[in-house]
Amino acid sequence: MTPRKKLIFVCLVYNGWMKLNDDTRAGIMRYGKEHPEWIVKICNLQLANPGDVLSEFLAWGFDGIIGANVPERFILRHLPPERRDTPRISFSLSPDRYTAGGIVHIDNDAAIDAALKLFRRLGMTNFAFVGSSNLQVSRMSRQFSRKIRERSLVRAGTFNDFVFAPAPVDGRNIRPSEFVRLGDWVEQLPKPCGVFSSTDNNAKDVLDACRIRGIRVPEEIAVCGYGNNPSLCENISPTLTSIEPDFENAAFKAAAFLDRMIHAKAPLPRRVIHCGVKELVERESTQDRRGTGRIVALAREFIRTRACTGIGVPDVARHLNVSRRTLEQRFHERLGTTVLAEIREVRLRQVRRLLQETDDTIKDITFACGFKSEIALKPLFKRRFGLTMSDWRATHPRRR
């Protein structure tokens, strides 16, 4: 009889319902599923008296701790003195000085490269950055500016940045007067201009400012956010282009390193785990609607709203009153992909969303998203997201 492995108890501490937390949780839960000896307990600090809640959790005596979007000093403050040597991973955007054995580092360079590549494809020579006033965002702005200079992108253009000043009450909310200042700043930007924001929320603020001031998006101002939260990006007008960090894969690697730390007989060398870019999801805020770009933009919008109704490439061409050949040529020129691939991508994203947000059966989801059979969908889903649909649902639990 095979001896049973010793159970490993891990505490995941996070704050709120940010997408960073959702993806981090998914990566750690996926690692736990592959290692049945892992038991992951979740402590969400978006509750009353977060310090008391955390103290009670940590007093239980975990084998390892992962902090996601929680200052490391806050975790250390509530760890019992005799547990200070518990193996820890810090997964946070805050500018703390870390002492944890593993650190998940958000790779700003990868996100900036993706944004610049997009803006250059749109022919931009003026660039701007928007963020809030913290060390992480200030560093991101400097990196953005440096990359532009290194590539001589401002030889014939300009670079500007805008930093929201926090309200004095809690340091997190933004004064209403700041939105007026943002509007003035957007109005004075040289145009056309590509604006990259450190968060989707701040990118939405830029889009709101453009609407209020009558500035055309994306013809005058093209906007790209960071985070790719669909509940925000898909439900504003225009819809928001955003870069999605690969939090889930980074969290999986972090869990694997924490496992090594727990089992090591001696302290391991400190490790930095890099979190790169998962993908750039382009939406209306950067879709060029001039000339031939208009056909592609209108086609993508039609596909976004109708892909799950069972449309095919001929339906898209018919809707736009262009030949299929012309449509395919425009897609290849502008996006380097096919119309069918775009339809399939939208459907797969909807499958992923329904798996996480509903209790519908896989069969029902298959037909609801425009696929003709589970047999056709299953290999496409696994190839795209790296997991079977059942595994995806198991590692991305529905919020209750």
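The following legends describe close-up views of a predicted model of one protein.

**Figure 1. Overall content of the predicted model.** The protein comprises 16 helices and 12 strands. Of its 400 residues, 50% count as buried. When contacts between residues at least 6 apart in sequence are considered, 69% of them join residues at least 24 apart.

**Figure 2. The largest nonpolar core.** This core contains 47 residues, and Trp38 and Phe196 are those with the most contacts inside it. Helix α9, which covers residues 247-263, gives the most to this core, with 10 residues.

**Figure 3. Helix α9 and its buried residues.** Most of α9 is covered, since 12 of its 17 residues are buried.

**Figure 4. The largest cavity and its lining.** Four cavities of 30 Å³ or more are counted in the protein. The largest cavity holds about 80 Å³ of space. Its lining is made up of four nonpolar, three polar and five charged residues. Helices α10 (292-306) and α12 (324-335) each supply at least two lining residues, and α10 gives the most, with four. The lining residues are Arg121, Leu122, Glu282, Thr286, Gln287, Asp288, Gly293, Val296, Ala297, Arg300, Arg334 and Leu335.

**Figure 5. Arginine 300 at the largest cavity.** Arginine 300 is located in helix α10 and is one of the residues that line the largest cavity. Its relative accessible area is 12%, which is under the 20% limit, and therefore arginine 300 is classed as buried. Not counting residues up to four places away in sequence, arginine 300 touches Glu282, Gln287, Phe331, Leu335 and Glu342. Of these contacts, Glu282, Gln287 and Leu335 also belong to the lining of the largest cavity.

**Figure 6. The second largest cavity.** This cavity has a volume of about 60 Å³. Strand β3 (64-68), helix α3 (72-78) and strand β4 (88-91) each supply at least two residues of its lining. The lining residues are Ile65, Ile66, Gly67, Val70, Pro71, Glu72, Ile75, Arg88, Ile89, Ser90 and Ala100. By class, seven of them are nonpolar, two are polar and two are charged.

**Figure 7. Aspartate 22 in helix α1.** Aspartate 22 has its place in helix α1, which runs over residues 19-34. With a relative accessible area of 10%, aspartate 22 lies under the 20% limit and so counts as buried. Aspartate 22 and alanine 68 are 46 residues apart along the chain, and their C-alpha atoms are separated by 9.8 Å.

Methods: Residues numbered from 1 in each chain as written. Predicted model: local features only at pLDDT ≥ 70, side-chain atom pairs only at ≥ 80, totals over all residues. Heavy atoms only, no water. Core = buried A, V, L, I, M, F, W, Y, C linked by side-chain atoms within 4.5 Å. Buried < 20%, exposed > 50% of the residue type's maximum accessible area, 1.4 Å probe, protein only. 1 Å grid on protein atoms, 1.4 Å probe; cavity = no way out; pocket = protein on both sides within 12 Å on 5 of 7 lines; lining within 4 Å. Points joined across faces, edges and corners; volume = space filled by probe spheres on them. Nonpolar A, V, L, I, M, F, W, Y, C, P; charged D, E, K, R; others polar. Contact = heavy atoms within 4.5 Å.
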